[in-house]
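Here is a friendly walk through one protein model. Have a look at the picture first, and then we'll go through it piece by piece.

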Amino acid sequence: REVTNGMLGLRFSREYDGEGLQIAFVMPDGPCDTEENQVKAIEILTAINGTEITGETNMHRLLWNQIGEKVRLTLRDAGKRRNNTRDVVVKPVSYGKLNSLEYERWMKGKREKVHNWSENKLGYIHIRSMSNGPLERFEMALYAEAHDKEGLVIDVCNNGGGWITDYLLAMLMVENHAVTIPRDGGEGYPQSRRPLYAFTKPIIVLCNEYSYSNAEIFSHAIKTLDRGKLVGVPTGGLVISTGGTRLIDGSSFRIPFRGW
């Protein structure tokens, strides 16, 4: 049976050398950040399901196959009340779920920095991959995040690629064929008439050495079409279209079928 490891969404202090593990960080919206059972940073995790945590304990083994199951954590106050302990019951999540929570935390932090540095004049959107889900999020964010901003930072760093560049450009390079003047309003064009939301204000695109394939195509298009400024480092040039084939032994390999 495949072993799956439950994740608590906790990070521990490397400086602490006492009994148990001192909590340094609690993942927002994670299994230990609920209204019913709020684990606090600097508390000491002393036991999981009654098993004491020592210097020899493999904590992750205590969470094998515990995804979605009730797990009892014993916590001790790290302050003056060292004998004060309490139990909380949490439900560990999968690594994939925890990774998504970490991404949301990371992305919100980047967005807050852009807002602060630009005095709220610039919006920020990170495109995680060039696929359907991030495309839908991008279109929604163009309105929710960038509609009232003077410009936009579009980040494709750490983007593994996909196929949506043409859709992104269809939203970023729209030319109006007419101008409308609503009653008691200024010149514009109704977004409801467009098949995709349009953003025509200035943009900056960020890429790095982990921007692959279609993320490179998008970055190249922004630069060569002079739609905005491209900022970052040279990418690997991994710009091919590939498919996959599975072999009889269960392994698979990628087959390039088109170069760009």
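Helix α4 (residues 214-224) is largely enclosed by the rest of the structure, because eight of its eleven residues are buried. Buried here means under 20% relative accessible area, with exposed being over 50% and partly exposed in between (1.4 Å probe, protein chains only). Helices (H or I, at least four residues) and strands (E, at least two) are DSSP runs, numbered from the N terminus.

Which residues of α4 are buried? They are N214, A215, E216, I217, F218, S219, A221 and I222. These buried residues pack against β8, α3 (165-172), β9 and β10, where a contact is heavy atoms within 4.5 Å. Just after α4, D226 takes a positive phi of about 60°.

A quick word on the source: this is a predicted model, so local features need pLDDT of at least 70, side-chain atom pairs count only at pLDDT 80 or more, and totals for chains, interfaces and linings use all residues. Residues are numbered from 1 along each chain as its sequence is written, and side-chain values use heavy atoms, with hydrogens and water left out.

## The parallel sheet

Now for the strands. An open sheet of four strands runs in the order β7-β8-β9-β10, with parallel pairing. Two strands count as paired if DSSP finds at least two bridges between them. At the edges sit β7 (122-126) and β10 (229-232), each pairing on one side only. Ignoring direction, neighbouring strands of this sheet are turned by 20° against each other on average.

Between β7 and strand β8 (residues 151-155) there are five bridges, and the two run parallel. In that pairing, G123 stands opposite L152 in β8. Helix α1 packs on the sheet and touches β7 and β8, its direction making about 160° with that of β7. Our helix α4 packs on the sheet too, touching β8, β9 (203-207) and β10, and its direction makes about 140° with that of β9. Such angles run from 0 to 180 degrees between N-to-C directions, with axes being lines fitted to C-alpha atoms, for helices over the stretch in contact.

## A covered strand with antiparallel partners

Strand β3 (residues 44-48) is mostly covered: five of its five residues are buried. β3 pairs in the antiparallel sense with strand β2 (residues 21-26) over two bridges, and L21 stands opposite L45 in β3. With strand β5 (residues 71-76), β3 also pairs in the antiparallel sense, over four bridges. There, the bridge partner of A47 is T74 in β5.

Then there's strand β4 (residues 51-52), which pairs with β3 in the antiparallel sense over two bridges. I48 stands opposite T51 in β4. β3 and β4 form a hairpin with two residues between them, and N49 in the turn has a positive phi of about 50°.

How much space lies in the largest pocket? About 380 Å³. Of the 24 residues that line this pocket, the closest to its centre are L10, R11, F12, M59 and H60. On a 1 Å grid over the protein atoms alone, a pocket is an open set of points where a 1.4 Å probe fits, with protein on both sides within 12 Å along at least five of seven lines; lining residues have an atom within 4 Å of a point. The volume is the space filled by probe spheres set on the points, which are joined across faces, edges and corners.

β1 (10-12), β2 and α1 (95-117) each supply at least two lining residues, and the largest share, four residues, comes from α1. By class, the lining has twelve nonpolar, nine polar and three charged residues. Ala, Val, Leu, Ile, Met, Phe, Trp, Tyr, Cys and Pro count as nonpolar, Asp, Glu, Lys and Arg as charged, and the others, Gly among them, as polar.
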